[in-house]
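Please open the structure in a viewer and follow the selections in the order given below.

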Amino acid sequence: MRKTFVNSLIQNSRDNKNIYLLTADLGFKLFDEFRSRYSDRFFNIGISEANMIGIAAGISLSGKIVYCYSIIPFLIMRAFEQIRVDIAYQNLNVKLIGVGGGFTYGLEGFTHFGIEDLCLIRTLPNMTVVVPADPVESNFFAQFSLKHEGPMYIRLGKSGEPRIHEKIPDIRIGKALIIKEGKDLAIFAMGSMVYKGLQIVDMLSSKGFEATLINMHTLQPFDFDIVKQVASQFDIIFSIEEHSIYGGLGSSISEVLAENGFNGRFSRIGISMLNDYIGDTEQMLHRCGLSVKELYNKIYFEMRK
Amino acid sequence: MKDLWCPPKGSSEDAGLFILRAVISGGGYYKVLEYAAADLRDRIIQMEEMSKRVRVSILNMIYQSKSPHIGPSFSIVEILIALYFDAMNISPHHYWDSQRDRFILSKGHACPALYAVLAERGFIDSDVIKKFAINDGLLEQHPKRDLSRGIEVSTGSLGHGLSISVGMALTGRVDCNPFNIYILLGDGELNEGSVWEAIMFAGHHCLNNIIAIVDYNKMQALGFTKDIIDLEPLAEKWKCFNWSVQQINGHNFEEIINALNSLSSDKPNCIILDTVKGKGVSFMENELLWHYRCPDEGEYYKALQELEA
């Protein structure tokens, strides 16, 4: 997914001399081609994320589009106050590319998990927040980010994400994509959880429960309408995300539901407790109830209540 | 205040040719008419007069709005005047010019001094100054980006400005655009780690279009810098990071103007200003209290009397 994104940048940078790319010394081999073709517009800032964000602000104040790359906790949390003041407050054309959403860097441990980023970033003014679910969406958001004036956070996994869309879908910023339609329950999913959601929907279908699956690729601006619409049609709703249940997708949905008098059952599924687990991505997801099997068990159990 | 297009200092180029070139390239070199004409001695006399007016304006802004930070505003008056009336290529009538020099007040809390000097230079009206730090006013206690008022960057959180100047410097280099970036830091601000990230980066990349100026008034919010985090040897530190360093009296126009005319062309430049916090009012000078305190009525008139003497 990140390779798709960077390839799109390389293609566009040939004609658009305003594109600058900064990294805080991460992305081994990822930027070799960009660097060799556009060496004057690529900077390895060094291991200094706060400095990278400030530099990006300065570059964009000269009318350029700046992409900043790092692993999520370093990019978003280490430099959060620089993002808040220099980028969001001043509404600058800086795009933050965070890699390692959720447990992408499983065995690297807690320091490398990207599980609180959405909670922080969605509170900032002027910030557009997107979470592509597959390489098709990643490519779409890369193109979109070039045209969009203003700050943006693009939350990526790393590599090897399966393709969800057969054809290129009609993606619109701030408008959720309905992937499957069913009448018994609704599932909101985001990023890596969309593909898992598809598998769960099939499993539930075999047990006689027909689910609607909604891909919430944009967290900011939030699609309030789809949540209200779903609330009026369903009595049971789930959200699944590879992020803390505090402050991310589930929280955003529950805010809308609570304020609109939803009377049914809503369940946030995401990361709530870590309990010092050690494991690779799949193992961590399994331990936190986010593997296909665990997700299915949880939802099926709720449906039978 | 009239602005004049003229060749940069030290240029042997014919003025007419320079203007022609500036028009073709879409940018100009701007000077204040009265100052460009006068010789150094006369310019300095005018600037000294102006520094009194600016301090009175700061005192009024702070007294009327009951704002803090009079001490750190008074310590940067001379450098701001020298930048806006002598060194920088800027004009309120061409504030969008891509070749303009940039100024960043990284110690944003001292913005009353910046607003007062911007008003002198014609960037903001005196009416706007009256709307400083009041409800539904126009100017905050930390500057908000507004190019038409000559404010390039929003600041107020310390340790941000130098990185931003580095970003501007990189685009100047890539685009072969010869503007300079003047950035004014507080000495206490140098406690921030991000400043040193930017110092390292600018030194490594030899960003000679950056002129970082440190207001070394030796005090920060809760005490003397030497007691909180001793910065010494400060000049040596910048030198070690591949910067060209000058250390001068920050209240002496002649020294300031000379320093701004003696910049290195192959390294980033640092000018350390030895200054006095609260400069200009005897009972505020070197008194920590005046970092935050706003003068009461008695103190206001006493200060006014000293400044207008």
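Angles on this tour run from 0 to 180 degrees between N-to-C directions, with axes fitted to C-alpha atoms, for helices over the stretch in contact. The model shown is predicted.

**The sheet.** Begin with chain A and select its strands in the order E2-E1-E3-E4-E6-E5-E10, which form an open sheet of 7 strands with mixed pairing. Next, colour strand E2 (42-44) and strand E10 (218-220) of chain A: these stand at the edges, and each has a single partner strand, so one side of each is left without a neighbour in the sheet. On average, neighbouring strands of this sheet are turned by 20° against each other, direction ignored.

**A strand pair.** Now select residues 65-71 and 94-99 of chain A, which are strands E3 and E4; they pair in the parallel sense over 6 bridges. Within this selection, Ser70(A) is found opposite Gly98(A) of E4(A).

**Towards chain B.** Finally, display chain B: 18 of its residues are in contact with 23 residues of chain A. Which helix supplies the largest share of the side of chain A that touches chain B? Select H3(A) again, for 8 residues of that side come from it. By class, the side of chain A that touches chain B has 10 nonpolar, 8 polar and 5 charged residues.

Conventions
Residues numbered from 1 in each chain as written. Chains lettered and ligands numbered in written order. Predicted model: local features only at pLDDT ≥ 70, side-chain atom pairs only at ≥ 80, totals over all residues. Pairing = 2+ DSSP bridges. Helix = DSSP H or I, 4+ residues; strand = E, 2+ residues; numbered from the N terminus. Contact = placed C-beta atoms within 7 Å. Nonpolar A, V, L, I, M, F, W, Y, C, P; charged D, E, K, R; others polar.
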